[in-house]
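Me: I'd like to learn how to read a few features off a model. Can you walk me through them?

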Amino acid sequence: MIRTKEARTQILRSLTLLLLLSLAGTAALADGETAPARDPKQPVDDAYTAKIKKYTTQPFFTSPLVDYLPASKNVPTPEAVLGDVAGAPGILPYAEDVYKYMRLLEKASPRVKVFSIGKTEEGREMIAVAVSSPENLKNLEENRAKLAKLADPRTIKLDDQEADRLVAQAVPVYYITGTIHSPETGAPTALMELAYRLAVDESPYIREIRDGMITLITPVVEVDGRDRMVDIYHWHLSHPKDFYPPLIYWGKYVAHDNNRDAMGVTLKLTENVLNTYVGQKAQVLHDLHESVPYLYDNTAGDGPFNAWVDPILTDEWEMIGWRNVSDMTKFGMPGVFTHGVFDTWSPGYLMFIAAMHNGISRLYETFGNGGADTLPRTLDADEYSRTWYRQNPPLPTVLWSQRDNNNYEETGLLTSLHYFNENKRLFLKNFYLKAKRSVTKPGAEGPAAYVLPADDPRASSQAELLRVLQKQAVEISRATSAFTVTLPAKKPAKGKKDKDAKDTKEKDAPPAPTTREFPAGSYIVRMDQPYSRIADALLDYQYWSPDDPQKTPYDDTGWTFGELFRVQVTRVTDPKVLDVAMERVKEIHAPSGVSAEGTIYAINNNAEPTLATLRYKLRDASIEAAEEPFESAGKKFTRGTFLLKNVSRAQLNDALSDLGLQATPISAMPSVKTHPVRAARIAFVHTWLSTQTEGWWRLALDNLGVPYDYISTQVVSKTPDLNAKYDVILFPPVGFAANPTAIINGLPSAWGNPLPWKNTPETPNLVGKNDSTDDMRPGLGWEGVANLQSFIAKGGVLLTATDTSRFALSIGLADGVSVGNAQKMKIVGSVVGTRLVDAASPIAYGYDEKLSAYCDNGPIFSLSSVSGARGFRRLGKESQTRPTGRGTADDTDFTVGRPATEAPEEPKSEIWENPLLTDEQLRNNFRVIPPANRARVIFRYADSKDLLISGLVEGGDEIAQRAAVVDVPTGNGHVVLFSINPVYRGETRGTYSLVLNTILNFDNLNAGRKLAEK
Ligand SMILES: [Zn+2]
């Protein structure tokens, strides 16, 4: 027996050997997959290969896929443009050079095709490079038509068998995007070399990828930022001993947040990548980042996952991610892992375009040095520790090069591409199934549709919201006649129900469903369409439980677009809505224009941001605001209504085109009080600490056509008479909870060298149309503080939000408001409820009682009627009981031997109000702020139970009911303080007008003010 067994083993061994030998030509592994190995018949570019080896700092920081470069007679290597190999020290190509190389490849190889996919805000080109077999590239359109059918299963009537036929024939598209984050510099060279390998390498492993799929590459996503980063790097190389300036601007508007725009699609880079992804019917969008050692597949995390993604996708994340880790571990490469601390809740990331459009989103973090220097790097313990998801962690300390980074990026991508190709029928079928499940959504999880009523008074914002959906490739329809739907019964709030049940012993009948009629022309967003998922994710509500095991949300937790745009959106589960007579809408046009000839025109104020556009467009027209509501010719007009004179109907009609505003001629000025609405001269102030958060404000103002001077705190410090130039100073949030000292002191300047941010021969791209300085380090300084103080005293208006509000209050630019520290409060980028307090304030024009706003742990304001006093009251209930004594709680106490005296009641005020003063407090108290100088609260946060609209609100009691928007008259001017952030990521159109109203009514902010008696 034993002998026989041995013999059998021997036979098996030789058989295996034979098998291996016979398959050596295609290098198949026992698992049937092709092994990563060179084609021995193809020559290697020895010089290039030698340099790869030289620049790789450890033999295990590479793989058999990238430790050589195949030679080609006619196709140039990246060296042709770089002058060295990809990832060489000291070399960072501009986007233009990267494109030049890609176009050289296109010229030299029938396996490469370059497409222009649009321009950036600063006019730079974005490209996508397709690499595949010549046959696949020739049949690109034909193949795309097949993929399009899988992407929209309605075209094949949801026929699974037809889908299978297409799945068997179609060639998938895997889309890779690099360098959205400008200081993460390695991807462009890695992708240049990757394109070369895919085009040239004849190894079976690479050939299979090339023949089996289309690899699509956008080597630089943030092109404006890339060119700035390369500038900075050049400056660094020519000033090796100096500190180099931090990259304060990336794109024209925002920095790191460019990867948080996939909901609002306000940036060109998002739009261009989205159009390419959706247009090419790609299956994967794989975005490259650099921050974590050495390769972290940052696609799936430990939750909570976004509720709207298909579970099929979350499984795909794990399949591809873990296989990727496994492949690279087997190459002996340390520090490759997936999972990690990412939560995957917000759909704002660029890669999430794929997750929300039935594809597969992926993201790599590799290890970068923020440039092309080779540097010793030391990790923190939590970076090199072994965890259940990182059994093969990075090393505590290494010498790291850009080449190492490129080796990891390319190896990760090649193994991913190969695995994807091996399993492409599965992934293509999944692509179809996810699309099919999007189409069948109304009958499955629902809803059936979202309806935006035709009679929403905010037509302009409604149109903007619909345009966002259209950018997301969502189909919009319009009802051709009125219709009625059944809305589900509203469930009573949980706590309430239990309490009621106890009290009434469940006597009440269960709440009944209601119906709602929508007028003809109402917009319907059908959920039986392939991209219903993104529409649903944007329009639905989000709930992040305070008990969720995830305690550190990665980004915003709530974003409900209808709430933040202040646009009516109804979620309809009644499937009958899909049978309503409707037609597809190609372009959204909000009704605009003048109804008839007149001399005075009235435009209702519904806090549409386009009112500001109109004011700046019609500079010569006289515009007044009505301080009270009024009626004219049987029509009701709101407070803040614009009354226009000195403008012809044609002029006005022209100016109103597409603003979503309608003007009505009225026969005479109304009898209510009015004041002029002027085109204020605006200074927009930024720091040299960070420009990210204010960038969203600039974007909003630019889109609205509201002009401003963009000046830094340094300019403020050098401008003693700010009033001569400006009426309003906007000081939007600095971001990262910048502290007041940092705003005043700037960056450390007691040592080190100046940090210039200006165009020089070495840095031709730095400034663009943004700001410049010889030295970024100085801040506002105390002169700047004095200048701001004088500006306000002389009648100027300073507007601040979140951290700049904290700044203004902590240095005493406004009195009567103080900022408290949160104890347990956690509001992480959520949508919260606010309530109108003072409707007569011009800041509130066009708003009604309830307003949803974006809050991120907003500063907690407290009001005081006494200067310098901190207005903090006890959290929870104030003591309202009588002192200890005789009788019952409601009785009057006595003192033996004299008649009882009733204690006077303490004056009571609401938590958002200025506390009322007692006579005792008023007597000879020079600290008492005169009523006219006290803070005027325009909006407050809702009561605790109504605070959460979407996202996470924990410990909301601390901010509930407190002031959210306050106007503090100071000297002859005003400081307007926001605790919410009214202008954020293109998502908060509903609160823009709080800022715009302040601007337009800058010299009449006291209108309608009622003063306290004492
Ligand atoms: Zn990044």
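This is a predicted model: local features need pLDDT of at least 70, side-chain atom pairs count only at pLDDT 80 or more; totals for chains, interfaces and linings use all residues.

Reply: Residues are numbered from 1 along each chain as its sequence is written, and side-chain values use heavy atoms, with hydrogens and water left out.

Me: How many aromatic pairs does a search of the whole structure find?

Reply: A pair of aromatic rings is described by the distance of the centres and the angle of the planes. Rings of Phe, Tyr and Trp (its six-membered ring) pair if their centres lie within 6.5 Å; planes under 30 degrees apart count as stacked, over 60 as edge-to-face and the rest as tilted. The search gives 36 pairs here. Take Phe60 and Phe61: the ring centres are 5.0 Å apart and the planes are at 80 degrees, so this pair is edge-to-face.

Me: Are Phe60 and Phe61 buried or exposed?

Reply: Buried means under 20% relative accessible area, exposed over 50%, partly exposed in between (1.4 Å probe, protein chains only). Phe60 is partly exposed at 30%, whereas Phe61 is buried at 0%.

Me: Which charged end sits over the ring of Tyr68?

Reply: The test is NZ of Lys or CZ of Arg within 6 Å of the ring centre and within 35 degrees of the ring normal. For Tyr68 there's Arg38, 5.6 Å from the ring centre, and also Arg197, at 5.9 Å.

Me: What about the open sheet: in what order do its strands run?

Reply: Strands of a sheet pair through backbone hydrogen bonds, either parallel or antiparallel. Strands are DSSP runs (E, at least two residues), numbered from the N terminus, and two of them pair if DSSP finds at least two bridges between them. Here 6 strands line up as 18-24-19-23-20-25, with mixed pairing. Strand 18 (593-594) and strand 25 (674-676) are the edges, each pairing on one side only. Strand 25 pairs with strand 20 (residues 622-626) in the antiparallel sense over 3 bridges, and Ala625 stands opposite His675 in strand 25.

Key. Helices (H or I, at least four residues) and strands (E, at least two) are DSSP runs, numbered from the N terminus.
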